[in-house]
Amino acid sequence: MSHHPLLHPFASPATPEADFVDIVAGSGAVVSDSRGNDYIDALGSLWYCQVGHGRTEMRDAIVAQLDSIAAYNVFDPFTNAPAARLAEMIVEISPHPDGRVFLGTSGSEAIDTVLKIARLTHRLRGDDDRQIVITRTGGYHGTNFGGTSAQGIALNREGWGDLVPHFIEVPSDDIEALARVFSKHGPRIAAFLTEPVQGAGGVVMPADGYLASARRLCDQHGALLIADEVICGFGRTGNWFGSQTFGVVPDLITFAKGVTSGYLPLSGVILSREVSATLETVDGLLRTGYTYSGHPTCAAAAIRNIELIRDENLCARADHIGQGLSAGFAAMREDGQIDSYRGVGALWAVDLGADAASARAALLDRGVIVRVIGTALAMCPPLVITDVQVATVLDALTEVLSNR
Ligand code: PLP
């Protein structure tokens, strides 16, 4: 039997095209499929739709840019105002207002770029031997070769042949294990790479003080701290960046997803002033970048998206959503319907302690989209989800779990 030409990511290649849910429209926190079913999008598509679907403000900003020029590269000697303005806006809200921003289009590109920048920074500082990047079990850093090599989800690393060398994985919350790797390999360590909250790995919160201790270890051993904020960035955890929520200042931050709420693809790397100053000593060109780095229409979408997050106080709204969800989860925990729950801002998971795939399917039938991760269900709704919609999600979950 031949298959449909569309080969889906993270799906069985044998699944018939007709078995997929065909999403055709969206408004706010609701999306609709081609069969006329509506769903509350409690995952914000794939952890990215901060401002909600179908925003005319986003459409208008994109169309206005298309009306002048859709795309032009920013390789030397070119630039464009949307890319430059976006970089200014991003550093302003970041922990590095005097830093710089490198742009790409996917989280995976941001990860590969940040890994290269970390190594280059040390080399420019005369430290050629610093190539090791420490990563954590359960980390997800995309699927390019750099990100695949940095994966803490073993299944995603397997089957592709040789990966990039010099990655060392430590157990997710074991600060002693991290300290041991630093003592053993200190002068050869370029960076420690971590998500503030591990998203695809299961919405795993850092243990109290873990990130601050990691920061101290990096400082003691001359390594860079890289925060992969592809999910945590742009309001998700209650602040612009997850590192702000957890009170650490990384040297480098990767972002994607929520920066445009997914209206158009855009990603990037924020560099501290110190890292920027080192890169500014490069002799000649910074020999990395993408055709669509600084894509003006994607940048116009990001600018409007950041304005909406700011003007609608969506960072604070994330905390409000989290209060609603966690109160519901607490009641379910009390009733023994779930094993545990965890999260921050508007990024949560409930652990059922048992098969979550059938619960996910039952929720889909009841018009709620969540993601299965092991025995957990993850939620990451648009930051414009209403209180009534949060209540509907909780009611559907309670109903599904009481029917088990
Ligand atoms: N880093 C993190 C933390 C992510 O969650 C993801 C995607 O989910 C990526 C990197 C890769 O992003 P992309 O799929 O846009 O390449």
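Residues are numbered from 1 along each chain as its sequence is written, and side-chain values use heavy atoms, with hydrogens and water left out. In this predicted model, local features need pLDDT of at least 70 and side-chain atom pairs count only at pLDDT 80 or more, while totals for chains, interfaces and linings use all residues.

The largest pocket holds about 1,800 Å³ of space. Of its 49 lining residues, Pro9, Phe10, Ser45, Leu46 and Arg371 are the closest to the centre. A pocket here is an open set of points on a 1 Å grid over the protein atoms alone, where a 1.4 Å probe fits, with protein on both sides within 12 Å along at least five of seven lines; lining residues have an atom within 4 Å of a point. Grid points are joined across faces, edges and corners, and a volume is the space filled by probe spheres set on the points. At least three lining residues come from each of domain 1 (17-54 + 313-402) and domain 2 (58-311), with bounds taken from an automatic or database domain assignment. Elements that each supply at least two residues of this lining are α1 (44-47), α4 (107-124), α6 (154-157), α13 and β14 (371-373). Helices (H or I, at least four residues) and strands (E, at least two) are DSSP runs, numbered from the N terminus.

One of these elements, α13, spans residues 357-365, and its buried residues are Ala359, Ala362 and Leu363. They lie on the same side of α13, because they cover an arc of only 100° around the axis, taken from the directions from the helix axis to the C-beta atoms. Buried means under 20% relative accessible area (1.4 Å probe, protein chains only). Their cover includes β13 (368-369), β15 (376-379) and α14 (387-402). Just after α13, glycine 367 has a positive phi of about 85°.

The second largest pocket has a volume of about 910 Å³. Among its 28 lining residues, Val74, Arg100, Val101, Phe102 and Leu286 lie nearest its centre. Two or more lining residues come from each of α3 (81-93), β4 (100-104) and α10 (273-279).

Elsewhere, strand β8 (residues 224-228) contains alanine 227, which is buried at a relative accessible area of 5%. Leaving aside neighbours within four places in sequence, alanine 227 is in contact (heavy atoms within 4.5 Å) with Thr194, Pro196, Ser243, Pro250, Leu252, Ile253 and Thr254. Its C-alpha atom is 5.5 Å from that of glutamate 195, 32 residues apart along the chain.

Technical notes:
Buried < 20%, exposed > 50% of the residue type's maximum accessible area, 1.4 Å probe, protein only.
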